[in-house]
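Here are a few notes on the charged pairs, jotted down as I went through the model. Have a look at the structure first, then read on.

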Amino acid sequence: MEKFASVAALLLLLSFPVAFSGHDYGQALSKSLLFFEAQRSGVLPRNQRVTWRSHSGLTDGKSSGVNLVGGYYDAGDNVKFGLPMAFTVTMMAWSVIEYGNQLAANGELGHSIDAIKWGTDYFIKAHPEPNVLYGEVGDGNTDHYCWQRPEEMTTDRKAYRIDPSNPGSDLAGETAAAMAAASIVFRRSNPAYSRLLLTHAYQLFDFADKYRGKYDSSITVARKYYGSVSGYNDELLWAAAWLYQASNNQFYLDYLGRNGDSMGGTGWSMTEFGWDVKYAGVQTLVAKFLMQGKAGRHTAVFQKFQQKADFFMCSLLGKGSRNIQKTPGGLIFRQRWNNMQFVTSASFLTTVYSDYLTSSRSNLRCSAGNVAPSQLLSFAKSQVDYILGDNPRATSYMVGYGNNFPQRVHHRGSSIVSYKVDRSFVTCRGGYATWFSRKGSDPNLLTGAIVGGPDAYDNFADRRDNYEQTEPATYNNAPLLGVLARLSSGHSGYSQLLPAVPAPVVVRRPMPIRKPRVTSPVRASGPVAIVQKMTGSWVSKGRTYYRYSTTVINKSPRALKSLNLSIKNLYGPIWGLSRSGNSFGLPSWMHSLQSGKSLEFVYIHSTSPANVAVSSYTLA
């Protein structure tokens, strides 16, 4: 069966438009941040770039006597679930902490910080007392019964909370982690706000640790949608790790050392990381503390944390004693429903761990032997490239990136005509009849959204009712910010074990979204046409760099069996072609370019477009 699936996947690859490595990670990063603006609840700011959205949820919390306007809708519905929202903010903050300079180089640091603050502003409102935290607005049952735009939803907006009589250590712990991580982000750009976030983090951790219990036993309406399967011990360790990183307070380091064994931090050998199960994230952070020489008397315990971090990384590479399943196309596979959440979160951990190991001049220790840190970064790149189109279907699972991406996303806001275009009321059930059941593409492009993705055999059905595969989520995108920033900035100059304090932040005025402009006319040589576009630019150390995308099109009625390109005046790296001396050809895995099809390659340098021409070709 596996052999058949692999052959089928290869045949499928050859029958679809070609997409391959050489991706524009900077463009993907910019698009991924737009998705968070599409998920905003509350009063939208004047600089809102996703213009088909409008204000929503303006009375949230009113019936409970608290202002809960703001925050994020988690996925394709209109509920604000606190646990995944907090994990989303934690991962966005971690991305900025590790790769703030790289985000700045791509012009996206300001947008990243705005995305974090949209979440933390809401959490401040949701935490009105030290031992009270509102963890959900709306409920999945009534919300899923309706298909309506968030701007005019008629579903119940009841607010649900945890308190000493109804505890939720996992929810309070994750929110403490988010506030602590975000306080690091704002430490220099907004010190007062940073201190406020850290105060909330301290209180939330104390609340979580003193009044222990699972949040879905208190907020029972969340259990069906975001049940806490792993319990709360992982979130308590996770929060302690982030509070230590944010405060340098020895209490939290001691907490990790004292409780690492009893709470499972040194015992669980993980093969997943996400909004529910945090152990792999804790193990990665504690391994960082160990490499920084901060373990002190807890060294023996922290070494056990690191052994479990190594286990997770080795299992992803296929070099461990128990390895993670992969699809025939190479994507890690955990479950059919929104598998992509595990792909992006694992890719983030392998990226930072690669840099931690490189900075400490260490190798990864696997049961199959020692592994160079670069292999972890290569793994993360392979997963991101799959998401962006290097897969058997040649499908980009990021909406709006590439030429072949999901058109019928399971998302209420994007699937119904914009409230700004047509204010005709969409009824609860009428939305299903009129909009959900439509076979056409979504009227509003949900740019940057990472959907649930393919099944275990790389199959994917672009249908709105296929929520397992076509529904996006904020926690799919959040870990990807750091990975894309890292991949867009090359492979050198990293010392991630230095204190995690980002450089002073300059929030840039938002730039209007522009379509890539053609920087050279279409050039044809016989049956081969070449067109170049500049897709991005940035300034580094006083020099302006340009990212160019070049498309090669086969206009012949026959397949191109071979192709040799001459590229002159190229002064930077190039991706997406094979190279032999000064000649460039089809990538090694691509045997021909079919009639009417195209391939794309990308290069970066600091001047006008390179001179790309056809040296020779052979038709089949």
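1. A cut-off to keep in mind: buried means under 20% relative accessible area, exposed means over 50%, and partly exposed is what falls in between. Asp121, at 29% relative accessibility, therefore counts as partly exposed. Lys117 also comes out at 29%, so Lys117 is partly exposed too. Bear in mind that this is a predicted model.

2. Those two residues belong together. Lys117 and Asp121 form a salt bridge through their side chains, at 3.1 Å from N to O. Both sit in helix α4 (residues 109–126), and the spacing of four residues is about one turn of the helix.

3. Now for a pair in a loop. Asp442 and Arg464 make a salt bridge of 2.7 Å, N to O. The pair links distant parts of the chain, 22 residues apart, with both partners in the loop between α16 (430–436) and α17 (467–470).

4. Arg463 counts as partly exposed because its relative accessibility is 43%. Asp465 is at 44%, so Asp465 is also partly exposed.

5. How many salt bridges does the count come to? The count is 25.

Technical notes. Residues numbered from 1 in each chain as written. Predicted model: local features only at pLDDT ≥ 70, side-chain atom pairs only at ≥ 80, totals over all residues. Heavy atoms only, no water. Salt bridge = Lys/Arg side-chain N within 4 Å of Asp/Glu carboxyl O. Helix = DSSP H or I, 4+ residues; strand = E, 2+ residues; numbered from the N terminus. Buried < 20%, exposed > 50% of the residue type's maximum accessible area, 1.4 Å probe, protein only.
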